[in-house]
Amino acid sequence: MKEVEAFCRQWDMLPEGALVLCAVSGGRDSMALLHLLCAMSGRGGFSVAAAHYNHQLRPAAGRDEAFVRAWCGERGIPFFCGRGDVAAFAKEEGRSLEEAARILRYRFLEETADRAGAARIATAHHREDNAETVLLHLLRGTGLHGLTGIAPVRGRIVRPLLEMSREAINGYVRENSIPYVEDETNADPAYTRNRLRLEVLPLLEDLSPGCASRIAGACGLLRVEDEHLRREAEALLPPVEQGAVTVPATVLLGQDEALRRRLVRTMARRLGTELTAAQTEAVLALGSGGYMDLPGGLCAVRKPHKLTLRYKKPALEPLKLSSGRQEWGPYGVRLWETTEEPPETADAVTLDAKRAAGPLTIAAWDGAGRLAVENGSRTIKRLFADRGVPVEKREEHPALYLEGRPVAVFGVAVDWEFRPRPGARRLVVTLERRGTDDDLLL
């Protein structure tokens, strides 16, 4: 217990006067943690509550909930319980059961801590859990951050047992006659983490006794390195402005390879998205100019003098046009028929009224399609490039569609088939720009 108390003081896990919400599954590790926290609370000047999340994945899940509820009730420990359909959530989100369970469990813990006014959420991760996590990250492919393992403190989540071995926890449970329930799925080798715990780590310990402890030590060293790079990247980046983070090219190119990667990942993280190593490299590979879509509704825009990561502007909903004036996002759209030949501008499209008969729709370019032009059929993507329309503006660019077929792109081209013949009546569509330049699609 003294070692755990010292570890908690080192990381300020259990501040005096705070309420600590202990995550309790009912298993051996979490019951040991709850017992230990209660024993420490008198001397430490903090209070303890318990939180149990019923994943509803096993027939014995109700038994586990009843066990923890009863144990807490006998000792006057405030008890909070949550339930969720993990299987349905996993299917809906396209996630594994393990990942879905973790997301819902931590969501419940955070929400419960908010309601209860808890300053800390304690979980029972220990030294071998840390080693298993590092091995899992290695198997899946990871960078420096993944090799730092489980952090002792993440926000208000604390891990008081992180430097304690499984053997020491088992000894504490025996010495204090702490009851617990067994999760039968912990012995199921179908789960990768179970195989690591039951087969791989014991083999590694046979080959190199004490390896779990050394892995934990390496995590601590790498955590310091990772934190140094994080601070360096944060110091080089400006704050988020209008849903975007921009770094000058001189700053980006002035760093070594490791810090350039970290800058890109930090930019995305500030906008709420985690990038993979491959996505990070793809952003850096944009060179001095380019555009790419990223997860989380983000995009990267590279220009010779800067790199910007920003939220993509939501495309305007398609609008079926009728004669007269209509509103479309930041535009006023006007459609009329005439025998006169209006001047050609980027804000106007003139079609053959007879050939374009039928409901016209104005919409942001959908990323596909071709138009017939003087020198043959060209993809709209190619026409954009020929006209010098920036890649980052193309998916917002207005176009006209007839029964789903593109017939014109404003400021770029009108399909040859729909251009007015001599003497034909003309159908004219114009856009009236409103708002600031940043609001406009053209």
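**Helices, strands and the whole chain**

Colleague: Which elements do the buried residues of helix 3 pack against?

Modeller: This is a predicted model, in which local features need pLDDT of at least 70 and side-chain atom pairs count only at pLDDT 80 or more, while totals for chains, interfaces and linings use all residues. Residues are numbered from 1 along each chain as its sequence is written, and side-chain values use heavy atoms, with hydrogens and water left out. Helices (H or I, at least four residues) and strands (E, at least two) are DSSP runs numbered from the N terminus, buried means under 20% relative accessible area, exposed over 50% and partly exposed in between, with a 1.4 Å probe and protein chains only, and contact means heavy atoms within 4.5 Å. On those terms, the buried residues of helix 3 pack against helix 2 (28-44), strand 2 (47-54) and strand 3 (79-83).

Colleague: Which residues of helix 3 are buried, and within what arc do they fall when seen down the axis?

Modeller: The buried residues are Ala61, Asp64, Glu65, Phe67, Val68, Trp71 and Cys72. Taking the directions from the helix axis to the C-beta atoms, these buried residues of helix 3 line one face of the helix, because they fall within an arc of 160 degrees.

Colleague: Which exposed residues does helix 3 carry on the face turned away from its buried side?

Modeller: An α-helix has 3.6 residues a turn, so residues three or four places apart point the same way. On helix 3, the face turned away from the buried side carries the exposed residues Gly73 and Glu74.

Colleague: Which residues of helix 1 are buried, and what arc do they cover around the axis?

Modeller: In helix 1 (residues 2-10) the buried residues are Val4, Glu5, Phe7 and Cys8. They sit on the same side of helix 1, because around the axis they cover an arc of only 160 degrees.

Colleague: Which exposed residues are on the face of helix 1 turned away from its buried side?

Modeller: The buried residues of helix 1 have helix 2 among what covers them. The face turned away from that buried side carries the exposed residues Lys2, Glu3, Arg9 and Gln10.

Colleague: Which residue in strand 2 does Cys22 stand opposite?

Modeller: Strand 1 (residues 19-23) is largely enclosed by the rest of the structure, because five of its five residues are buried. Leu19, Leu21 and Ala23 point one way from strand 1, and Val20 and Cys22 the other way. Two strands pair if DSSP finds at least two bridges between them, and strand 1 pairs with strand 2 in the parallel sense over five bridges. Within that pairing, Cys22 stands opposite Ala50.

Colleague: How many bridges join strand 9 to strand 10?

Modeller: Strand 9 (residues 298-303) is mostly covered, with five of its six residues buried, and it runs antiparallel to strand 8 (residues 290-294), to which five bridges join it. On its other listed pairing, a hairpin of two residues leads from strand 9 to strand 10, and Val301 stands opposite Thr308. Strand 9 and strand 10 (residues 306-311) run antiparallel, and the number of bridges joining them is six.

Colleague: Which residue in the hairpin of strand 8 and strand 9 takes a positive phi?

Modeller: Asp293 stands opposite Cys299 in strand 9. The hairpin has three residues between the strands, and the residue with a positive phi, near 70 degrees, is Gly296.

Colleague: Is Thr185 exposed, partly exposed or buried, and what is its relative accessible area?

Modeller: Thr185 lies in the loop between helix 7 (166-175) and helix 8 (192-207). Not counting residues up to four places away in sequence, Thr185 touches Arg58, Tyr191 and Asn194. Thr185 is partly exposed, at a relative accessible area of 24%.
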